[in-house]
Every structure is written in C-alpha cells, then in structure tokens.
Amino acid sequence: LLQIYRPLNMIGFVYRELRQGLTDIEEMFKLLDRDPEITDKPGARPLAITGPVIRFENVSFHYDPDRAILRDVSFEVPAGKTVAIVGPTGAGKSTISRLLYRFYDVTGGRITIDGQDLRDVTQESLRATIGMVPQDTVLFNDTIGYNIQYGRPDASMDEVRDAARMAQVAGFIESLPKGYDTPVGERGLKLSGGEKQRVAIARTILKAPSILILDEATSALDTKTERDIQSALDDVSRDRTTVVIAHRLSTVINADEILVLREGRIAERGSHAALLAQDGLYAQMWNRQREATEAEETLLRTRNDP
Ligand code: ATP
C-alpha cells in the first residue's frame, strides 16, 4: 500500500507546488509592471530600519528615454506620517509606488529609506519592509482564509480572523456557508472589487510592514463600502510610514502632506486646508469631485423617494 501511496502523495505535492507557482507567476505578470533587469548589487546589504523615513531626492524617471514620466520630484515621508499623492490620470502617481518597491530604478536623483539608497539594499529586505495594497488584487485559487494568511504564512487561524475583522471583511466571510474555507479566485467565488481590496488589507495587516503603500482603486465603490475601507485603512496606516496614491480626494483630507502631481512634476503641495486656500489645481479637483458626489446623492435620493 505504501508503494502506491507514496507516489500519489508526491503527485499531490507537485500539483500543489505547481498550482501555487502558476498563480504566483500569473499574479506577477498581471500585477507587477516591472523591469526584469533589476538585481541586487554585489555586496548589497539588508535594509536597516530605524524610522523609517522615506526620501525622494530630485527623482526623475522614464520608461522610454523619449518620454519623461517624473521630473525632479522631491519629498519626504517622516516616520509614522502619511503623504498622499493626487493628480490627473497619467500624471505618474502609480509610478512613484513602483519606484519605491524598486520594480524600476530611478533614472535621476535617488530614493532612500533611513538614508540607504534603494539600489544598495537587497530586494528581499526592501519588499519585506513594505506592504502594498494594490489597485487590483488577484486572488489565489484557494480558500479565502489562505488568501489572507498569505500575508504571513505562519499566522494562526485566530490571527487570520483578527486581521479579517480589522479589515472589515470578517462579517462577509462569516456569512458564507463555508466561511474561511470558501474557495475563491477564478474557479471559486468571485469577490467584488471592494471585497477583494479588503482581503488585500487583511493580508497586509497580517504582514505588519513598517512602510505601507496604498494604491487606491479607481473603480467606483458605494459610499458604505468606501467608508468601511477607509476606516480599515486608517487603522492600518496609524503610526506607519504611509504613501497613499489617491483617486478619491475624500481619502486624503487627513494626510500630513498632499502632493499634487501634474505631468510628472509636483505642481502643488500642502495640507488639505492650505491647498484649498491656494485655489489652484487641487481646489479645482476638489470642487469637481464634490459636485459629482452631490449629483450622485441627489440621484439616489430621487430614486429612493420618487
Ligand atoms: P492613473 O491615475 O490613471 O492610475 P497615474 O498617475 O498613476 O495614472 P502612472 O500609472 O504612473 O500614472 O503612469 C504614468 C505614465 O507612464 C502614463 O502615461 C503611462 O502610460 C506610462 N506608463 C506606465 N507604465 C508604463 C510602462 N511599463 N511602459 C511605458 N509607459 C508606461
């Protein structure tokens, strides 16, 4: 019996490895727009964290040499603070998060964390320090519990449940007949954009990184989901050095500094109140979004109350 059992067991093992490998590769290609040539320098050291303080010093960047994407961008995120980046589509906001994760190297200037140039530290240590909640999370073809536990594979089920609770997704999971054992992904239950984002937040809560990058989803969410996600994100980013790439201005009001990016340059910067008083691009974007929200609310009211 053992002779039959062993190879079968082996096939199961290889299948699981392969399936995991394939989903990882899929996830990499779908999500990670990156330069395959980025490697560790000989003698690269692990990133040593004290703060952590992030600094962009006169950073410029292009994907193609004939088209500048970032030009002379300088800013600092002090330890435990939140900097939000807003601006029109294509301004280069997500590019900033890709550079911070070192999917690409800057073409001018430098980026440091606690004084260490990202090009001098090991990628493994850099990526272990940073937690990223991306715009669009790809779920593994596995259970929803596994998808959360992926943030820290040695986490216990109690820790997974706590993370789900903090990410405001526990109620949804517990309402499913199979709970945390529900299969999700392409071959399982399809989650909405808002649910997937909360699974990504739960994963990040488990990972407990010192630096957080939140790349907010562009897709429209209803007001309640948006509020739930916002309160989950506020909890995760408290006391963590955080960069938020924001599409909805309502999520940046409390940021310590807001950078308004236009055509790869910082066009305006300051707190929400200071930027409104400046009556420039940020104020215009704010007024436009407020009008859109008010129009949506009026529409909903008339629909519910004919
Ligand atoms: P959005 O608000 O629409 O998400 P964004 O401000 O985040 O936009 P980025 O995603 O940073 O903008 O893109 C900035 C510019 O760089 C865009 O014009 C985009 O087309 C271009 N770009 C992004 N990725 C690549 C790539 N891999 N190769 C070439 N150009 C790219």
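**Briefing: loops, a helix pair and burial**

Gln-168 is found in the loop between α5 and α6 (170–174), where helices (H or I, at least four residues) and strands (E, at least two) are DSSP runs numbered from the N terminus. The structure is a predicted model, in which local features need pLDDT of at least 70 and side-chain atom pairs count only at pLDDT 80 or more, whereas totals for chains, interfaces and linings use all residues. Residues are numbered from 1 along each chain as its sequence is written.

**Overall make-up**

- The protein has 10 helices and 10 strands, and buried residues make up 32% of its 306 residues.
- A residue is called buried if 20 or more other C-beta atoms lie within 10 Å of its own, exposed if 12 or fewer, and partly exposed in between, with C-beta atoms placed from the backbone.
- Among the contacts in the protein with a separation of 6 or more, 73% are accounted for by residues 24 or more positions apart; two residues are in contact if their C-beta atoms, placed from the backbone, lie within 7 Å.

**Helices α5 and α7**

- The axes of helix α5 (residues 157–166) and helix α7 (residues 193–207) come within 8 Å and cross at roughly 125°, the axes being lines fitted to C-alpha atoms, for helices over the stretch in contact, with angles that run from 0 to 180 degrees between N-to-C directions.

**Helix α2 and what follows**

- Helix α2 is mostly covered, since 7 of its 8 residues are buried, and these are Lys-93, Thr-95, Ile-96, Ser-97, Arg-98, Leu-99 and Leu-100.
- Arg-102 follows α2 and lies in the loop between α2 and β4 (108–113); Arg-102 is partly exposed, because 19 other C-beta atoms are within 10 Å.

**Backbone geometry in loops**

- Arg-102 has a positive phi of about 55°, although it is not a glycine.
- Gln-168, also not a glycine, has a positive phi of about 60°, and Gln-168 is buried because it has 22 other C-beta atoms within 10 Å.
- The peptide bond from Gly-51 to Pro-52 is cis, with omega near -5°, and Pro-52 lies in the loop between α1 (2–31) and β1 (54–64).

- Lys-81 is found in the loop between β2 (67–77) and β3, and Lys-81 is partly exposed because 18 other C-beta atoms are within 10 Å.
- Although Lys-81 and Arg-238 are 157 residues apart in sequence, they are 8.1 Å apart in space, C-alpha to C-alpha; not counting residues up to four places away in sequence, Lys-81 touches Thr-241 and Asp-256.
- Gly-90 has its place in the loop between β3 (82–86) and α2 (93–100), and Gly-90 is exposed because 12 other C-beta atoms are within 10 Å.
- Gly-90 and Gly-264 are 174 residues apart in sequence, yet 8.6 Å apart in space, C-alpha to C-alpha.
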